[in-house]
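Subject: Model handover and notes

Hello,

Please find the model below. My notes on it follow.

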Amino acid sequence: MSYRVLAVLSVVKLFLFSVLTAQQSQIEKCIQLAMAGKYEEAIRDLQRVLDLDPKHVEARRYLESSRLVLFEKFASQGKESVGRSKWDEATRAFRRAARCV
């Protein structure tokens with residue numbers, strides 16, 4: 001193999017490594033956001049990772065988990081609001097829950 005081919009392969013390898021490292025770093029940031037209860041931010045950032053790499057399994061798994069937690073949070077708020085006859089609050093909470101799925 002010629003030196004040019006080896007050089008090109010090395011550059012491609014470094015590029016791919018840097019992309020993968022950046023994605024992993026972004027996912028770790030999203031996990032920290034979710035652990036801090038900032039699910040909407042985590043969802044937004046995970047969606048960005050998936051926009052770049054739609055087949056990223058780990059990002060998709062964390063995205064679905066974050067959406068589920070957020071859905072449950074808003075659905076619970078809606079149920080509580082119904083129990084207190086706060087219909088406008090309940091409607092807002094249920095609409096937010098519906099946007100999570």
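At 44% relative accessibility, Ser-85 counts as partly exposed, a class that lies between buried (under 20% relative accessible area) and exposed (over 50%), using a 1.4 Å probe and protein chains only. Ser-85 sits in the loop between α3 and α4. Its phi is positive, about 60 degrees, although Ser-85 is not a glycine. Most residues other than glycine have a negative phi.

Some conventions before the rest. This is a predicted model, in which local features need pLDDT of at least 70 and side-chain atom pairs count only at pLDDT 80 or more, while totals for chains, interfaces and linings use all residues. Residues are numbered from 1 along each chain as its sequence is written, and side-chain values use heavy atoms, with hydrogens and water left out.

Overall

The protein has four helices and zero strands, where helices (H or I, at least four residues) and strands (E, at least two) are DSSP runs numbered from the N terminus. From the N terminus on, the order of elements is α-α-α-α. Of the 101 residues in the protein, 24% are buried. The accessible surface comes to about 7,600 Å², and 61% of that belongs to carbon and sulfur atoms; the areas come from the Shrake-Rupley method with a 1.4 Å probe, and for residues only the protein chains shown count as cover. Among contacts with a separation of 6 or more, 36% are between residues 24 or more positions apart, contact meaning heavy atoms within 4.5 Å.

Helices α2 and α3

Two packed helices are described by the angle between their axes and the distance between the axes. Helix α2 (residues 39–52) packs against helix α3 (residues 57–83) at an angle of about 150 degrees, and their axes are 9 Å apart. Here axes are lines fitted to C-alpha atoms, for helices over the stretch in contact, and angles run from 0 to 180 degrees between N-to-C directions. The two helices are therefore roughly antiparallel, the class for angles over 145 degrees, with under 35 counted as roughly parallel, 65 to 115 as roughly perpendicular and the rest as oblique. The crossing of α2 with α3 is left-handed, that is, the near helix is turned anticlockwise from the far one by less than a right angle.

On the α2 side, the residues that meet α3 include Tyr-39, Ala-42, Ile-43 and Leu-46; on the α3 side, those that meet α2 include Ala-59, Leu-63, Ser-66 and Phe-74. By class, this contact has 12 nonpolar, two polar and three charged residues. Ala, Val, Leu, Ile, Met, Phe, Trp, Tyr, Cys and Pro count as nonpolar, Asp, Glu, Lys and Arg as charged, and the others, Gly among them, as polar.

Two residues of α3 can be followed up here. Ser-66 is found in α3 and is buried, with a relative accessible area of 5%. Leaving aside neighbours within four places in sequence, Ser-66 is in contact with Ala-34, Tyr-39, Ala-42, Ile-43 and Leu-46. Arg-61 also lies in α3, but is partly exposed at 48% relative accessible area. The C-alpha atoms of Arg-61 and Leu-46 are separated by 9.7 Å, and the two residues are 15 apart along the chain.

Helices α3 and α4

For α3 and α4 the packing angle is about 165 degrees, with the axes 8 Å apart. That makes α3 roughly antiparallel to α4. Their crossing is left-handed. Residues of α3 in this contact include Phe-71, Phe-74, Gly-78 and Ser-81, and they face a set in α4 that includes Trp-87, Ala-90, Phe-94 and Cys-100. The contact of α3 with α4 has 11 nonpolar, three polar and four charged residues.

Ser-81 belongs to α3 and counts as buried at 4% relative accessibility. Not counting residues up to four places away in sequence, Ser-81 touches Lys-86, Glu-89 and Ala-90. Ser-81 and Arg-92 are 11 residues apart along the chain, and their C-alpha atoms are separated by 9.8 Å.

Thr-91 is partly exposed, at 34% relative accessibility. From C-alpha to C-alpha, Thr-91 and Gly-78 are 6.9 Å apart in space, and they are 13 residues apart in sequence.

Regards
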